[in-house]
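User: I'd like to go through this model with you. Can you start with the terms, then take my questions as they come?

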Amino acid sequence: MRHPDDPEPIRDSKALTAYILGWLAVATGLLVGGVVPAVVALALARQARGEIAEGQGWRTGDRLAVRGQFLAWIALALAALAICAAVTIGVLTRSANPAHDFPPGVN
């Protein structure tokens, strides 16, 4: 039972921001532009979880912070996958059509 003078529980704004940035990072993760919002989301989620724990029940949103953190890690994995795919395609394309700098009579 809450005391009538206790403040109303409120959702932590950093947790909500981390969640939104996590989705933005996932949406742009394959374009490698999702790295920036993912890193910001990870930092905000960590701060939000600490503030929620210190809030002693009058701050909510821990689940949003965890989900934002999870989405940010997914976005970072997508960006790493995109970079690996680009490097692989570049190497395979370069090896299929090598540039010949030698005259025609040289082996």
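Analyst: First a cut-off: buried means under 20% relative accessible area, exposed means over 50%, and partly exposed is in between. Also note that this is a predicted model.

User: Fine. Is Trp23 buried, exposed or partly exposed?
Analyst: Trp23 has a relative accessible area of 46%, so by that cut-off it is partly exposed.

User: How many aromatic pairs are there?
Analyst: The structure holds one aromatic pair. It is made by Tyr19 and Trp23, with ring centres 6.5 Å apart and planes at 90 degrees, so the pair counts as edge-to-face.

User: Where do Tyr19 and Trp23 lie?
Analyst: Both are in helix H1, residues 13-27. They are four residues apart, about one turn of the helix. Tyr19 is partly exposed too, at 23% relative accessible area.

User: Switching to charges. How many salt bridges?
Analyst: There are four salt bridges in the structure. In one of them, Lys14 and Glu51 meet through their side chains at 2.9 Å, N to O. Lys14 belongs to helix H1 and Glu51 to helix H2, so this pair ties together parts that are 37 residues apart in sequence.

User: What else does Glu51 meet in a salt bridge?
Analyst: The side chain of Arg59, also at 2.9 Å, N to O. Asp12, Lys14, Glu51 and Arg59 are linked in a network of salt bridges.

User: Now the inside. Which residues touch the most other members of the largest nonpolar core?
Analyst: Ala15, Ala38, Ala65 and Ala72, out of 15 residues in that core. The elements giving two or more residues to the core are H1, helix H2 (35-54) and H3. H2 gives the most, with seven residues.

User: What does Ala72 touch?
Analyst: Leaving out residues up to four places away in sequence, Ala72 touches Gly22, Ala38, Ala41 and Leu42.

User: Which residues form the nonpolar patch on the surface?
Analyst: Val32, Ile83, Val87 and Val91, with about 320 Å² of accessible area together. Val87 is found in helix H3, residues 62-96. Val32 is in the loop between H1 and H2, and is partly exposed at 34% relative accessible area.

User: What is phi of Val32 near?
Analyst: Phi is near 65 degrees for Val32, which is a positive value in a residue other than glycine. Gln56 is not a glycine either, and has a positive phi of about 55 degrees.

User: Where is Gln56 found?
Analyst: In the loop between H2 and strand S2 (59-60). Gln56 has a relative accessible area of 75%, so it is exposed.

Definitions and conventions. Residues numbered from 1 in each chain as written. Predicted model: local features only at pLDDT ≥ 70, side-chain atom pairs only at ≥ 80, totals over all residues. Heavy atoms only, no water. Phe/Tyr/Trp six-rings, centres within 6.5 Å; stacked < 30°, edge-to-face > 60°. Buried < 20%, exposed > 50% of the residue type's maximum accessible area, 1.4 Å probe, protein only. Patch = residues over 30% accessible without salt bridge, like charges linked within 9 Å, V, L, I, M, F, W, Y side chains within 5 Å. Areas by Shrake-Rupley, 256 points an atom, 1.4 Å probe, with all protein chains shown as cover. Core = buried A, V, L, I, M, F, W, Y, C linked by side-chain atoms within 4.5 Å. Contact = heavy atoms within 4.5 Å.
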